[in-house]
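Subject: Structure handover

Hi,

Here is the structure I promised to pass on. Have a look at it first, and then read my notes below.

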Amino acid sequence: MAETLSRRAFEHAKELISEGRVVLDERDAWSEHRPSTEEENAFLRLHGFAEYGKWYLGINDEKPEQTKGHYEFPYGDFRKVHRCGVLSAESRAGQYKHYDIENAAAHLHGMLEARKPAPAPKRSRPTSAGRSARGAR
C-alpha cells in the first residue's frame, strides 16, 4: 500500500487541539468513540470528501480520491480530536511501518498530553502534636 501523511489533516488536527477541541479519553475507547458508518456517510453528504479527508492522517494513493478507502488513520469524530483515536493511529501506523504518519500522530499525542491537567500534589499525613517519632506511651 502507498499510505502517506496528509499534511492538511495533520495541520487541521493541530489547529483543533490548539483551540481545545479535544476529548482526553482513554486509550481503549476508540472502538466506542470512532464515527459509525452512518455518521461518516452523513458527514460526507453534508461536507464532501475534501472536508472528510481532514479527519484522516493517512492517504492511500492506490484508492480513488473520492472514496472512503482513500483516507486512513482517523483521529476524531468530525467535531473533536480524540486522544484514543490519535493513539490508535500512532500504534497502527507504527505497526505497518508508516513512519511519517506515526511521527505525526506522536506529535499530536504530545500536544494532547500537554493539555491534560496536572495531577494534584500528594499530601503528606500530618503528625499528631506532642507525640515523638516513636509514638506516645
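Let's begin with a helix on the sheet: α4 (residues 83-95) lies across β3 and β4, and its direction makes about 120 degrees with β4. Angles like this run from 0 to 180 degrees between N-to-C directions, with axes fitted to C-alpha atoms, for helices over the stretch in contact. Contact means heavy atoms within 4.5 Å. Helices (H or I, at least four residues) and strands (E, at least two) are DSSP runs, numbered from the N terminus.

Before going on, a word on where this comes from: it is a predicted model, where local features need pLDDT of at least 70 and side-chain atom pairs count only at pLDDT 80 or more, while totals for chains, interfaces and linings use all residues. Residues are numbered from 1 along each chain as its sequence is written, and side-chain values use heavy atoms, leaving out hydrogens and water.

Now the sheet. Its 3 strands are arranged as β1-β3-β4, open and antiparallel; two strands pair if DSSP finds at least two bridges between them. The edges are β1 (3-5) and β4, each pairing on one side only. Between β1 and β3 there are 3 antiparallel bridges, and Glu3 has Asn60 in β3 as its bridge partner. Helix α5 packs on this sheet too, touching β1, β3 and β4, at about 40 degrees to the direction of β1.

Last, the rings. There are 9 aromatic pairs, counted when Phe, Tyr or Trp (six-membered) ring centres lie within 6.5 Å; planes under 30 degrees apart are stacked, over 60 edge-to-face, the rest tilted. Tyr56 and Tyr71 make a tilted pair, 6.4 Å centre to centre with 50 degrees between the planes. Tyr56 is in β3 (residues 56-60) and Tyr71 in β4 (residues 71-74), so this pair ties together parts 15 residues apart in sequence.

Cheers
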